[in-house]
Amino acid sequence: MKELTTGNIRNIALVSYTGAGKTSLVEALLYTAGAIPAMGSVPGGTTVCDYEPEEVHHKVSIGASVAHFDWKGMRVNVIDAPGALSFQGEARMALRAVDGVLIVVSAAAGVKTELEKIWSVVRELGLPCLLFVNDLDKDRALLGPVLDACEKALECKGLPVAVPIGEGAKLEGVVDLVGGTSWRPVKDSPKVQQGAIPAALADACAEARKKLAEGVAETDDRLLEKYLAEGDLTAEELIQGLRDGTQRLSFVPVLCGSAVKNVGSTLLLDLLAGCLPSPVERAAQSPLAGIHPQTGEPVTRRADPAEPLSAFVFKTIIDPFMGRLSYVRVLSGTLAADAAFYNATRTVKEKGGHVFWILGKKYVQVPALRAGEIGAIGKLKDTQTGDTICDDHHPVKYPSPHLSRPVMSFALEPKSKADIEKVSLGLHKLVEEDPTLEFVRNNETKEMILSGMGQLHVDVTFEKLRRKYGVDVNIHTPKVPYKETIRKMAQAQGKYKKQTGGHGQFGDCWLQLDPLPRGKGVEFVNKVVGGAIPRNFIPAVEKGVIEASHEGILAGFPVVDLRATVYDGSYHTVDSSEMSFKIAASMGFRKALESAQSILLEPIMTVEVTTPDDAVGAVIGDLNSRRGRILGVNATGATETIKALVPLVELLKYTPTLNSITGGRGSYAMEFHSYEEVPRDQANKIIEEHKAAKAAKQAVHQ
């Protein structure tokens, strides 16, 4: 191709739901453009973009994959974004790296929730789109009904620019309404056979072309005048009108065909290159706006290789052979191999390694990536997904997409205790690759907790952990971090006296426990007067109280929200020691708890559930059955958001239930709100379970 310039680059993301055929369509585009010698298949595990073993096994895209090809003087970078809700974090990041979007819809499956969700992000970013209706080679798959469903669900105007030749198994090709010709694939060849419109379709195509001309003319006053005067538009006027209307978001051009049969890919390539904007055009429509990382002042850049460097990191992978690779979209300037630059997000300097163009799992080393290009850079130590890297003399930080918090958690433990560190190291690296994962060690329950966006997300993570780091884990529902507190004031003496050969042990203290408001933790106060307990032993008393508070008397949970006051005691000039007063304080604390009316507390979460209108009543009813308190319901378009306070224990297995109630169209997010008292019947059950578990543990040790 001719010299690569920012003006002849097209950066495009393919988005949809699982099973729409995005990955197969990328194969067809690569094959038609001559980038690969033959088309691979998803069932056969031979596609360019689904190359991870987990993707081959599950036959779904798990991560955003990048490929590139040249078409009629244009460099086209495509990102195949995963469609499953569990992996939409990858899709959101990918959308920040592109200038246009290709929506893929299966004519056999129609519109699904995943598409509606990612469409809202596409619209929020103001990205121009094309729509490809796939799978027209399947039985009872028709273009018209699918297009109607898309227009209704996505609230957009679709403008067909192609008509299928044949239906179902008899699909032969497509008619290009702009050029007035037919396109049929040549068997076992990337080439297509161009011909006249079939006589049987002449009337339907004439009517479709008229609607196309009307739709284009309605968005441009000059073209409307021409259309009203002459009743038609030339092919050149239609192409220019399609380009302008697409980039102004006036409509979405609709193409059709079959990815696996390579029907419609040539016309699609022409429209991708002809209608979607270059980085220069996109920056003119939507300026590259960020802030200065130190001052917070607005900063803008132009999509120009001569500008200071700025780039956005949209993906991180840790490859066993290539090492750590950061996938970047260069927004301005030039990113040279082995160059030093500045990470404006983390305020650190970085030194990069080689830079590459990407074709699935293959990397083509190049000297530099210039404004508008998508590629990878190696050896970045501190840079994470979502970061901005830039020229350290001209810093800028771009906003990173908001990613939903994980909603499904599992406690895990290695099958071999020797693998604890390997599990921790492996999961931390997997979290670096996928920022929608969370991995923590819960200090209260002493468990390792992995949280993800759904069952498939977590399952795939454990598969990667086994493959990449060689460790297996057992998983179970995580423990709820209950706490204990007291209802009333209580006093008790803690006295520890032990006589042995030589020095004995003697510590004596009086403690008073008072309840505190929720969230106050444990306070310690010294009110000893007259030297009843020497001052040098008071820290030991405090330590004894704090350590004793780690395990309550009801079910062994930490004790919180109380003030422990030491107000009297006695000591022995020879036998008293820090250890004896620490033990005495612990004894006094536990004795006081017995008469302070201890109660159990449970974590309460603020939950926001997004659901379609027709499922609001069922969702609210289910939340009420989970001891939830509804705080409000807000309508946004065709969905409603329900805000409620719900105990954490009631949400541990909420995802499958919500999917069942809403037909997979609902989602939720939650965060910690407060601790509240557990109802008596629930508390008794928890206490009995604790006693049974403790007895079983003692029996094992005996």
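**Two helices, then the rest**

Student: At roughly what angle do the axes of helix H6 and helix H7 cross?
Tutor: This is a predicted model. Helix H6 covers residues 202-217, and helix H7 covers residues 221-230. Their axes come within 8 Å, and the crossing angle is roughly 140°.

Student: Is H6 parallel, antiparallel, perpendicular or oblique to H7?
Tutor: Take the crossing angle of roughly 140°. Only angles over 145 count as roughly antiparallel. So H6 is, relative to H7, oblique.

Student: Which residues of H7 make the contact with H6?
Tutor: Start on the H6 side, with Lys-210, Ala-213, Glu-214, Val-216 and Ala-217. The residues of the contact divide into six nonpolar, no polar and two charged. On the H7 side, the contact is made by Leu-223, Leu-224 and Tyr-227.

Student: Which residue in E10 is the bridge partner of Ser-182?
Tutor: Look at strand E9, residues 181-185. E9 and E10 pair in the antiparallel sense over four bridges. In E10, the partner of Ser-182 is Gly-195.

Student: Is Thr-181 buried or exposed?
Tutor: Thr-181 lies in strand E9. Its relative accessible area is 16%. Buried means under 20%, so Thr-181 is buried.

Student: What surrounds Thr-181, and which side chain joins it in a polar contact of 3.5 Å?
Tutor: Leave out residues up to four places away in sequence. Thr-181 then touches Val-174, Val-175, Asp-176, Gln-194, Gly-195 and Ile-197. A polar contact of 3.4 Å joins its side chain to that of Trp-183. The polar contact of 3.5 Å joins it to the side chain of Gln-194.

Student: On to the hairpin of E17 and E18. Which residue in its turn has a positive phi?
Tutor: Strand E17 (residues 340-343) and strand E18 (residues 348-351) run antiparallel, joined by four bridges. Phe-341 stands opposite Glu-350 in E18. Four residues lie between the strands of the hairpin. In that turn, the residue with a positive phi, about 50°, is Thr-347.

Student: Is Asp-681 buried or exposed?
Tutor: Asp-681 sits in helix H17, residues 680-701. Its relative accessible area is 55%. Exposed means over 50%, so Asp-681 is exposed.

Student: How far apart in space are Asp-681 and His-550?
Tutor: In sequence, Asp-681 and His-550 are 131 residues apart. In space, go from C-alpha to C-alpha. The distance is 24 Å.

Student: Now the whole chain. What percentage of its residues count as buried?
Tutor: The chain has 17 helices and 36 strands. Its C-alpha atoms fill a box of roughly 110 × 55 × 50 Å along the principal axes. Of its 702 residues, the part that counts as buried is 54%.

Student: What percentage of contacts with a separation of 6 or more come from residues 24 or more positions apart?
Tutor: Take the contacts in the chain with a separation of 6 or more. Pick out those between residues 24 or more positions apart. They account for 72%.

Note on methods. Residues are numbered from 1 along each chain as its sequence is written. This is a predicted model: local features need pLDDT of at least 70, side-chain atom pairs count only at pLDDT 80 or more; totals for chains, interfaces and linings use all residues. Side-chain values use heavy atoms; hydrogens and water are left out. Two strands pair if DSSP finds at least two bridges between them. Axes are lines fitted to C-alpha atoms, for helices over the stretch in contact, and angles run from 0 to 180 degrees between N-to-C directions. Angles under 35 degrees count as roughly parallel, over 145 as roughly antiparallel, 65 to 115 as roughly perpendicular and the rest as oblique. Contact means heavy atoms within 4.5 Å. Ala, Val, Leu, Ile, Met, Phe, Trp, Tyr, Cys and Pro count as nonpolar, Asp, Glu, Lys and Arg as charged, and the others, Gly among them, as polar. Buried means under 20% relative accessible area, exposed over 50%, partly exposed in between (1.4 Å probe, protein chains only). A polar contact is a pair of N or O atoms within 3.5 Å; within protein, one must be able to donate a hydrogen and the other to accept it, and residues adjacent in sequence count only if both atoms are side-chain atoms.
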